Amino acid sequence: MNQQVYKTIHSDGTVTISDKASSDAEAIVLSAPTSTFESNVPALKPLLQTTQKLSVNYKLSILSPQNDATIRSNIGELSIGASIDPRIGGFYQLHINGKVHESAAGMFALRDMERGAYEYSVKFINNSGKLIASSEARRVYLHQASALIN
């Protein structure tokens, strides 16, 4: 009943307990009766933990107006709409002729615009302030009836 038991700690951190002594084994004393068994289960290798950032391709689309569109509005209203896919939290920025407008929904209703050509693009900024996507530059023409024509 009082058989000697040995403990060996291997270089990879695994522990083996056996009734056979080895050169680097340490004798241990057990205070209660024990049962012994032999396992055929192979040692488990530790899982490597890797952190990979999933790359998401966001697509920012300008819904309206089409590139080089002509908008007729005597009161100078111009509407521009954009969307991002897949949806995430953040806001849209409209850059038009050197001015910046912001919208949470991607819809911009501009008022009191003068007639003429406007260069514009839209950017999407996430809630952390990081630029996620931007559109290509576009042009729109705003026409108004002349006040000189009766």
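Buried means under 20% relative accessible area, exposed means over 50%, and partly exposed lies in between (1.4 Å probe, protein chains only). This is a predicted model, in which local features need pLDDT of at least 70, side-chain atom pairs count only at pLDDT 80 or more, and totals for chains, interfaces and linings use all residues. Residues are numbered from 1 along each chain as its sequence is written, and side-chain values use heavy atoms, with hydrogens and water left out.

Side chains of opposite charge can pair when their charged atoms come close. A salt bridge here is a side-chain nitrogen of Lys or Arg within 4 Å of a carboxyl oxygen of Asp or Glu. The structure has three of them.

| Salt bridge | Closest N and O atoms |
|---|---|
| Arg-111 with Glu-77 | 3.3 Å |
| Arg-139 with Glu-119 | 2.3 Å |
| Glu-136 with Arg-138 | 3.1 Å |

Take Arg-111 and Glu-77, which form a salt bridge. This pair links distant parts of the chain, 34 residues apart. Arg-111 sits in the loop between β9 (107-110) and β10 (116-126), Glu-77 in the loop between β5 (69-72) and β6 (78-85). Strands (E, at least two residues) are DSSP runs, numbered from the N terminus. Arg-111 is exposed at 54%. Glu-77 is partly exposed at 36%.

Next come Arg-139 and Glu-119, also paired in a salt bridge. They too link distant parts of the chain: Arg-139 lies in strand β12 (residues 138-143), Glu-119 in strand β10, 20 residues apart. Arg-139 is partly exposed at 33%. Glu-119 is partly exposed at 34%.

Last, Glu-136 pairs with Arg-138. Glu-136 is partly exposed at 43%, whereas Arg-138 is buried at 11%.

Conventions: Helix = DSSP H or I, 4+ residues; strand = E, 2+ residues; numbered from the N terminus.
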